[in-house]
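Me: I'd like to go through this model with you, starting with the strands and then moving on to charges. Could you keep the answers plain?

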Amino acid sequence: MSPKNYFPATMNGTSAGGVTSFLNLVSTRMERYPFIFSNEKNYRLQRHLVFWSLWWAFQSFLYSFAAGVLNVSYFERLPVASMEAFVYLVPHMVLAYSLMYFVVPRLLLKGRYFKTVLAVAGFFLLTGAISSSISVFLLSKLRILIFGPRYAPEHINEVHFFLGLLAGLRGGITIGGIAAAIKLMKHLYLKEQRNLQLQKENISSQLQVLKAQVHPHFLFNTLNNIYATTQVTSPAAASMIAGLSDLLRYMLYEGNQTVVPLHRELQMLQQYVLLEKSRYGKELDMHMDLPEGDTNYVIAPLLLLPFVENCFKHGTSTMLEQPWMSLSISIENDWLKMKLLNGKMEETPALHSGIGLHNARKRLQLLYPNKHELVITNEAEVFIVNLKLQLEKTSVLAISLLTKALAEADA
């Protein structure tokens, strides 16, 4: 019987020069213009102050021409208009921040279009009502209080709430449209930056894999020959080689995919743990609890491996006596929960600060923003990783097609 061909002999390469140059250009611009691109609190506060200052100046200039009921010169009307524009900033801010931080992110970008229309209409009417109330009940008193009776309108009793409502809506639509446009532009910009960063990370990973490959055809053919030989002479060694082959194939081929079926990721994780266990024999006390059966979830490939690898590399391998590890993964309401514990020596700082964990954190932030919780605890004799990850579902047919496509790519 011919041995199973575990080791594909070819692998595709990737050219990354042009994309890398573009990413370097974007990064340089972000460092050169932090006021525009930075997300730090100080720069954000400055941007908001500049925005509202410009809007106040524009409204002051505009209202200074509309204050026709005052029998004073233009330069005497300008301070009055500036005061009115400053007061109207209150409803304009209510509308702008309601759209930017509630309607756009929580309704529009999540596809809740009917609720978006209702919310926009409601906030516009609220802004118009506040503006009309200011116009009817507050402005004349502020004019008289600040500038004197000479600046009171001659026909204040003829100002109607409905007319003020229409005027407030006109200004609200303008500032609301500007605020919503800025928020959408920022969202698209951040999304593009995230995609570029993911592309950069993917290119970096592929380059590392390519550097690690030394004549893949020779390597895989040699491993096939070793596997065929050890099937007869040492079944245990053959089983280890077969497990190693599965890991290599998964890392080299499925690791380049955007997502993979969750059960494939868990199979790879289990295979890695079993290979590591074979190094320790009966000395390692290991407990592993993984979800059973296929699920209709997908996950980014090689996302969980760095945490387990970190435990073996910096934890159990440093223990002279009774090394142990516990891995538990469960799925509840679309959330994957992983709890990983391992024994360690009292002074093992690399467990918490290794490059593997650093890269894993970056991938989680890029791939699952606001969809994960990672808590790492480094105690005296135990290292604990608690990870919660919100998974995406897909149909059973899509999972089967993806699995089939990955299998054909490996062949």
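Me: What is the order of the strands in the open sheet of three strands?

Reply: The order is β1-β3-β8, and the pairing is antiparallel. Please keep in mind that this is a predicted model, in which local features need pLDDT of at least 70, side-chain atom pairs count only at pLDDT 80 or more, and totals for chains, interfaces and linings use all residues. Residues are numbered from 1 along each chain as its sequence is written, and side-chain values use heavy atoms, with hydrogens and water left out.

Me: What counts as a strand here, and when do two of them pair?

Reply: Strands (E, at least two residues) and helices (H or I, at least four residues) are DSSP runs numbered from the N terminus, and two strands pair if DSSP finds at least two bridges between them.

Me: Back to that sheet, then: which strands stand at the edges?

Reply: Those are β1 (260–261) and β8 (392–393), each of which has a single partner strand, so one side of each is left without a neighbour in the sheet.

Me: How many bridges join β3 to β8?

Reply: Two bridges join them, with β3 covering residues 297–299 and the two strands running antiparallel. Within this pairing, Tyr297 stands opposite Lys393 of β8.

Me: And which strands pair with β7?

Reply: Strand β5 (residues 335–343) pairs with β7 (residues 382–390) over nine bridges in the antiparallel sense, and there Lys339 is found opposite Asn386 of β7. Strand β6 (residues 372–378) also pairs with β7 in the antiparallel sense, over seven bridges, with Val385 as the bridge partner of Ile376.

Me: How many residues are between β6 and β7?

Reply: Three residues lie between them, and the two strands form a hairpin.

Me: Switching to charges, how many salt bridges are there?

Reply: The count comes to three, where a salt bridge is a side-chain nitrogen of Lys or Arg within 4 Å of a carboxyl oxygen of Asp or Glu.

Me: Which residue does Lys393 meet in a salt bridge?

Reply: The side chain of Lys393 meets that of Asp334, at 3.9 Å from N to O. Lys393 lies in strand β8 and Asp334 in the loop between β4 (324–332) and β5, so the pair ties together parts that are 59 residues apart in sequence.

Me: Are those two buried or exposed?

Reply: Lys393 is exposed, with a relative accessible area of 51%, while Asp334 is partly exposed at 28%; buried means under 20% relative accessible area, exposed over 50%, and partly exposed in between (1.4 Å probe, protein chains only).

Me: What about Lys371, which residue does it meet?

Reply: Lys371 and Glu392 meet through their side chains in a salt bridge of 3.1 Å, N to O. This pair links distant parts of the chain, 21 residues apart, with Lys371 in the loop between α12 (355–367) and β6 and Glu392 in strand β8. Lys371 is partly exposed at 31%, and Glu392 is partly exposed at 42% relative accessibility.

Me: And which residue meets Glu332?

Reply: Glu332 and Lys337 meet in a salt bridge (3.0 Å, N to O). Glu332 counts as partly exposed at 40% relative accessibility, as does Lys337 at 30%.

Me: One last thing: where does Lys110 lie?

Reply: Lys110 lies in the loop between α4 (74–108) and α5 (113–147), and at 54% relative accessibility it counts as exposed.
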